[in-house]
Amino acid sequence: MNKRQDDARDRIQGYLERSGLAARKPRVVPLTGDASDRRYFRILLGDAPSIVLALNSAPFDVRTLPFVNVATLMAKMPVPIPQVLGHADDLGVLALQDLGDVTLQAHLGAASPAEHAALYRQAVALIATLQKRGEQLASPEYLPYGISFDVEKLTWELDFFTKHFLEAYRGVTLADDQRTALREEFAVIVRELAAEPRVLCHRDYHSRNLMLHESQLYIIDFQDARMGPDTYDLVSLLRDSYVDIKDPAVDELIAYFLALKGIQDDQEFRRRFDVMALQRNLKALGTFGYQTATRRNPVYIQYMPRTLRYARTNLEKYPRFARLRELLAGHIDELQ
């Protein structure tokens, strides 16, 4: 057992003893984590519902922990999220309701077309609730209202794509004039997106962050919520790197969202949706490149072709992206 495993074991045991759960001789089962530094463990209690322990990379103050702060906001909406059951700040441990193992992504392979459609409509309706109630509950006491997808953040994400996907993963060497031209094209997209009216956004609202529990979708991994365009979460869901959603279904779900929101101009919304999708898909490629080339985690390579296809589709759809398409030609075309 290595030092990292020893540390996790000690912290888990410390929480179980403090909470009184150690006396029940629980079984500890490691769970597959996400791309973050958090680790997750299921605590099987035998005669009671299991719980999940989230091990943060460092101690925290639960009063300022982003996950708890955002959970408090979402509980007031309310939207379905896992309950916070306990914490040990000095150990970096947060105890959460166990929602099981079935993500929306995992369930789709076994779902009938009708179930698939119903779950996605449920997911879209939750976005509408987040936006509506997010506006009504706006308060500086909640962290998301103090951060946003502004010019700085959106630019950083596209620079991340350049550094970690183009250069580190694809091995592209950009000349100074190419780099400057690329940043100029990205700046046009960034300024447009940053200027849009902002609503509450989950930030990573996709099929891996929606859990199916007792026939209800639950939202997880929401600690990075912030303000941004009203297209952002819908793009995350419908241009999801992990799931193929056919164009007719995308069109239908966008129409459903517009009906829920009372938005009349569907063509303008779709244009904004596509621009947001281009930025987010390039950002996702940066994340996948970073995980693969820097962290030596190859699991995300399988999701690159779909994400590249999404990006190419929007680059080709709009004449305004002709220069950007030219700059990226060959670098995002070869993975099919």
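The chain exposes about 15,800 Å², and 51% of that comes from carbon and sulfur atoms. Before I go on: this is a predicted model.

Some overall numbers. Of the 336 residues in the chain, 51% are buried. The secondary structure consists of eleven helices and nine strands. The radius of gyration is 21 Å, close to the 20 Å that the globule rule gives for 336 residues, so the chain is as compact as a globular protein of that length. The C-alpha trace spans about 65 × 45 × 45 Å along its principal axes. As for contacts, take those between residues at least 6 apart in sequence: 73% of them join residues at least 24 apart.

Now the sheet. Five strands make an open sheet, and the order across it is β1-β2-β3-β5-β4, with antiparallel pairing. At the edges are β1, residues 27–31, and β4, residues 84–88, each of which pairs on one side only. On average, neighbouring strands of this sheet are turned by 25° against each other, direction ignored.

Next, the nonpolar cores. The largest one has 90 residues. Those with the most contacts inside this core are Tyr-120, Phe-161, Tyr-205, Ile-219, Leu-234, Leu-237 and Leu-238. Helix α9, residues 266–294, gives the most to the core, with ten residues. To take one member, what does Phe-161 contact, leaving aside its neighbours within four places in sequence? The list is Leu-166, Phe-186, Leu-282, Leu-285, Gly-286, Leu-328 and Ile-332. Apart from this core lies another, of 15 residues, including Leu-21, Ile-51, Leu-55 and Val-93.

Last, a single residue, Arg-203. Arg-203 sits in the loop between β6, residues 199–201, and β7, residues 210–213. Is Arg-203 buried or exposed? Its relative accessible area is 11%, and the cut-off for buried is under 20%, so Arg-203 counts as buried. Which residues does Arg-203 touch, not counting those up to four places away in sequence? Among them are the acidic residues Glu-157, Asp-224 and Asp-233. The list also has Lys-153, Arg-226, Arg-280 and Lys-283. Phe-149, Tyr-232 and Ser-236 complete the set of residues that Arg-203 touches.

That is where I will stop.

Technical notes. Residues are numbered from 1 along each chain as its sequence is written. This is a predicted model: local features need pLDDT of at least 70, side-chain atom pairs count only at pLDDT 80 or more; totals for chains, interfaces and linings use all residues. Side-chain values use heavy atoms; hydrogens and water are left out. Two strands pair if DSSP finds at least two bridges between them. Helices (H or I, at least four residues) and strands (E, at least two) are DSSP runs, numbered from the N terminus. Axes are lines fitted to C-alpha atoms, for helices over the stretch in contact, and angles run from 0 to 180 degrees between N-to-C directions. A nonpolar core is a set of buried Ala, Val, Leu, Ile, Met, Phe, Trp, Tyr and Cys residues joined through side-chain atoms within 4.5 Å. Buried means under 20% relative accessible area, exposed over 50%, partly exposed in between (1.4 Å probe, protein chains only). Contact means heavy atoms within 4.5 Å. The radius of gyration is taken over C-alpha atoms; the globule rule is 2.2 Å times the number of residues to the power 0.38. Accessible areas come from the Shrake-Rupley method with a 1.4 Å probe; for residues, only the protein chains shown count as cover.
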